[in-house]
Amino acid sequence: MLDASNIFTLLKTSEEFLSLHNIKEAKLDAEVLLCFVLNVKRSALFTMRNNTVTEEQLGIYQKCIQRRIKREPVSYITGKSEFMGLNFKVNKDVLIPRQETELLVETASSLIKKNGCKEILDMCTGSGCIAVSLAHENDNIFITAVDISKKALAVSSLNAEINGVASKIKFAAGDMFDNIKNQKFDIIISNPPYITKEEFINLEKELFFEPETALVAGGDGLFFYNKIAENAKNYLDDDGMILLELNSNISQKIVELFEKYEFKKIKIIKDYSNLDRVLVLKNG
Ligand SMILES: C[S@@+](CC[C@H](N)C(=O)[O-])C[C@H]1O[C@@H](n2cnc3c(N)ncnc32)[C@H](O)[C@@H]1O
């Protein structure tokens, strides 16, 4: 039972309730959801702790808390997510952008600046977090962003508009490279589905709210890496690069796969948990 005497007690009892239901970040989630309902920033909550909420606000908040104890991710409840300091709309048609993917974007951005890259292909764009952030950070680039899901592309197009970069991105529906005709890119970047069926069964309950097609890859997690490896030479400039987010459990197999197709490993970058996360490859 939540105590709505004031915002302080409401947050305290919500945190306890979420903890009781094994929600790991109970305090953070209680605060983020209340900010969403009250439409205020988290920094404002502290000064509001003696205020009360209206009956209507309490009703909406209770529904949010109920959704959260069923393990629905906070971002799907609020409909938004932050990535690279930008705001993104999300819904159940797209994967929620992950912090690890920021490493991929940061690596790409520094290579784009260093090498003056212009044409980028973002394969498997989902929410558009990679394409939109790159377009936001780099002048004079043009991005083609592909996804098989038209529902996902509706979200990514909206995110490009919200962040003021719609004119720098062309969104295209397609099964991997099928709809890309006669075009060469300086960089192919991708965070493809890469979770093996075996890994999927053991994932946190929150993951089951996300689209399975965005997560799971056949062929022991290699299916989409394989598609990129066998097609990339047709779409890459002679000195072009491929940047991939890695499933760290199969990173060596991924490197071997690309070496088989005569791409040269430049480097693997580890994430904050010291796991192989980003692979940079060169054509030739
Ligand atoms: C892991 S999510 C990545 C989303 C986003 N780029 C990110 O980093 O958060 C993979 C995306 O690949 C898309 N996808 C799955 N199969 C595909 C295919 N055959 N061709 C193109 N995109 C595909 C899914 O719809 C999903 O949006």
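**A mixed sheet, its helices and the ligand shell**

Seven strands build an open sheet of mixed pairing, in the order β5-β4-β3-β6-β7-β9-β8. Strands, like helices, are DSSP runs numbered from the N terminus (E, at least two residues, for strands; H or I, at least four, for helices), and two strands pair if DSSP finds at least two bridges between them. The model is a predicted one, in which local features need pLDDT of at least 70 and side-chain atom pairs count only at pLDDT 80 or more, while totals for chains, interfaces and linings use all residues. Residues are numbered from 1 along each chain as its sequence is written.

The edges of the sheet are held by β5 (169-173) and β8 (263-270); each has a single partner strand, so one side of each is left without a neighbour in the sheet. From one strand to the next, the twist averages 20°.

On the α6 side the contact involves Thr-101, Leu-104, Val-105, Ala-108, Ser-109 and Ile-112, and on the α7 side Cys-129, Ile-130, Ser-133, Leu-134 and Glu-137. This contact has seven nonpolar, three polar and one charged residues; Ala, Val, Leu, Ile, Met, Phe, Trp, Tyr, Cys and Pro count as nonpolar, Asp, Glu, Lys and Arg as charged, and the others, Gly among them, as polar.

Two further helix pairs can be described in the same terms. The axes of α11 (residues 223-231) and α12 (residues 251-260) come within 9 Å and cross at roughly 20°; the two helices are therefore roughly parallel to each other (angles under 35 degrees; over 145 counts as roughly antiparallel, 65 to 115 as roughly perpendicular and the rest as oblique). Their crossing is right-handed. Tyr-225, Asn-226 and Ala-229 of α11 make the contact with Ile-254, Leu-257 and Phe-258 of α12, a set with five nonpolar, one polar and no charged residues.

For α2 (residues 26-38) and α4 (residues 55-69), the axes come within 10 Å and cross at roughly 140°, and the two are therefore oblique to each other. Here, too, α2 passes α4 in a right-handed crossing. The contact has eight nonpolar, one polar and two charged residues.

The ligand is surrounded by 22 residues, the closest being Cys-124, Gly-126, Ile-148, Asn-191 and Ala-214 (a residue is near a molecule or strand if its C-beta atom, placed from the backbone, lies within 6 Å of it). Two or more residues of this shell come from each of α7 (129-137), β4 (142-147) and α10 (212-215). By class, the shell has 13 nonpolar, seven polar and two charged residues.

Methods: Axes fitted to C-alpha atoms, helices over the stretch in contact; angles between N-to-C directions. Contact = placed C-beta atoms within 7 Å. Left-handed = near helix turned anticlockwise from the far one by under 90°.
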